[in-house]
Each structure stands twice: as C-alpha cells, then as structure tokens.
Amino acid sequence: ALLGEQFLLRIEDTDAERSQPAFVEALIEDLRWLGLSWDEGPDDAIPVRDWFQSQRGEIYSTYYDQLEASGSAYPCFCTPQELEIHRKVQLSSGRPPRYSGKCAKLSPEEQSQRLEKGLQPTLRFRVDPGSVVEFNDGGRGPQKFQTDDIGDFIIRRADGSAAFFFCNAIDDSLMGVTRVVRGEDHLTNTPRQIMILQALGLPVPDYAHTALILGDDGAPLSKRNGSRSIQELRESGYFSLAIVNLMARLGHHYDSDALMDWNSLKSGFQLSSLGRSPARFDITHLRHWQSLVLRQVT
C-alpha cells in the first residue's frame, strides 16, 4: 500500500494453516532483494500487533461489537450443509446464490437458546435490500452493484477468525491507505468493503482493479503453467532489475521500452496505463530484460 511516498508492509496472516514464519521470512527476503524498502512494517517474521493481522483480533472484535450494537450485523447459526443445499437450489432455479436471511430476524432469546446449545455462529453483515453500491474504479471506471445480488455476507467465521475482506478493509482505513490497487478478482469484494466502512463511519479508500496475469496457456498463472517464485528466479541467476522491469510491465504500459531503474519505473506508473486485458507471463520476456541488464553491467 502506498501513502504518498510512504511504503507500508502489512502481513495478512489470518489463515493460520497457510501462514507460517518461514513464509514471512521468505517474503521479506524477496522484497529486500528486489530493492523494495518499506518505511513502515515489520523487520522480521516475529508477529507484532501493528503489522500482523493475526495479532489484531482485539481491534476487529471492537468493530464487530460496534456493528452488532447498531444492528448492522447478526449471528448466523446456519450450518455449512444447510447453506450448500440452499445454494444448489438457487443455482438450479437460475438465481444468483445469496443468503436467505434465515437468521436475520432471530430474537435475542432465540439467539441465546442456540448459544446455550453450544452452536458456534458466524457473524453476518446486514445488507440493505433494494439498494445500489456505486463507486468509480480507477482501473475500470464507474461500477454499480445491486445489493439484492449480494445478500447478507459473513464477516466473521464460526471459529472467530476474521473474513479476509473484512480485516483488509478495516486495516486499510485505520492505516491511512487512500488508494487500493489490486487484481480484478477482488472487484466483487469492493461493494462489501465499502458498506462495512460506511456502517462503521470509517474513511473509504479509492479502489482500482487491474486484470490478472495469465500463464503461457492462457489460464491464471500458477506453477503448472510457468509461475516461478522470486527465490527460484534468484537462484537461477536472474538479476533483480530484470525481474522488476518485467513485473512493472505486466498489466501496465510504459511509453519507453528501455531498461528502467526503480525511480523511473515508479515515476512512470499511472492508473490510466493499467491494462484491462489480462497480461501473459512469458519467460522469453524475462530473458530479454536479463540480457539488457547483462549489457549494462559488462
């Protein structure tokens, strides 16, 4: 996230199974090798409240309580099996899958009875029906979402952990992030995040979404179709400058095709140059930038 000239690094590790210290250490090492130095953020993989989402549970709880107190959120006791059956029924009838609202009108007594039985509820955000969420996307222009197509959505899982888009929205707002640039796979999260922040009276950042990067077979980039980690590229002998020149141009157009340093790449970045069509990773492009770096250093 960028705040003026401030580079903020935040570790989004609410998924305990997929978030391990070794992964954080590798991430920090990769960023430093690429030349990305952050002004605010962790120095190592030791979790701290300021920068690790796994340590910010009390902060999220405060906002959960605020949403419940205002009636903007409620506990949902529906089981995954119930939800899946309802989802299949909706899809088979040609309707978009959305929550039925079964638990939205439970009285406090009914909620207490279910809690006394040991049922562990999720927490759902209450969406106003018949409304529209509109925003101007920095990468894709004006966007409009019907709330009836969204329905009440889960912001806290049954195990008490925060939904990814909930804690991201809270932290972006609290940390002063004014513009969020991310992949188009998060576009449908945006109206949800806007509704959450508005209900809490928190600042809403501007959003910009860019097309995803595809592999050599036209499918989303993965290890199967050409993706390699920064560590693997480093160990293969690629220069960091070659990698950043390739990465900066995946989904973004620069007027110059020349090799650029960090400052030139940063100063040449603009939202209007983000591509709307998916970019395709091609190892030959990386080899091209590698050859330019080699000419520069020899």
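Guide: The protein has ten helices and eleven strands, both taken as DSSP runs numbered from the N terminus (helices are H or I with at least four residues, strands are E with at least two). This is a predicted model, so please bear in mind that local features need pLDDT of at least 70 and side-chain atom pairs count only at pLDDT 80 or more, while totals for chains, interfaces and linings use all residues. Residues are numbered from 1 along each chain as its sequence is written, and side-chain values use heavy atoms, with hydrogens and water left out.

Of the 298 residues of the protein, 42% count as buried.

Strand 4 pairs with strand 3 (residues 73-76) in the antiparallel sense over four bridges; two strands pair if DSSP finds at least two bridges between them. L123 is the bridge partner of P75, and L123 also stands opposite R156 in strand 7. Strand 7 (residues 153-156) runs antiparallel to strand 4, and three bridges join them.

D128 is exposed because its relative accessible area is 53%. D128 and I150 are 22 residues apart in sequence, and their C-alpha atoms are 9.9 Å apart in space.

Now for another pair of strands. Strand 8 (residues 179-183) and strand 9 pair in the parallel sense over five bridges, with R179 opposite D206 in strand 9. Between these strands the chain passes through helix 6 (residues 189-200), and this β-α-β crossover is right-handed: with the strands pointing away from the viewer, the path from the first strand over the helix to the second runs clockwise. Strand 9 (residues 206-210) is mostly covered, as four of its five residues are buried.

Just by this region there is a side-chain contact to look at. R140 and E184 meet in a salt bridge at 2.4 Å, N to O; the term stands for a side-chain nitrogen of Lys or Arg within 4 Å of a carboxyl oxygen of Asp or Glu. This pair links distant parts of the chain, 44 residues apart: R140 sits in the loop between strand 5 and strand 6 (141-146), and E184 in the loop between strand 8 and helix 6. E184 counts as partly exposed because its relative accessibility is 28%.

A search of the whole structure finds nine salt bridges. One of them joins D172 and R10, whose closest N and O atoms are 3.0 Å apart. D172 lies in helix 5 (residues 164-174) and R10 in the loop between strand 2 (6-7) and helix 1 (21-34), 162 residues apart. Both D172 and R10 are buried.

Finally, the cysteines. The whole structure has zero disulfides, a disulfide being a pair of cysteine sulfur atoms within 2.5 Å. C78 is in none, and the nearest cysteine sulfur, that of C103, is 3.8 Å away. The sulfur of C167 is too far for a bond, because the closest cysteine sulfur, in C76, is 19 Å away. With 0% relative accessibility, C167 counts as buried.

Methods. Buried < 20%, exposed > 50% of the residue type's maximum accessible area, 1.4 Å probe, protein only.
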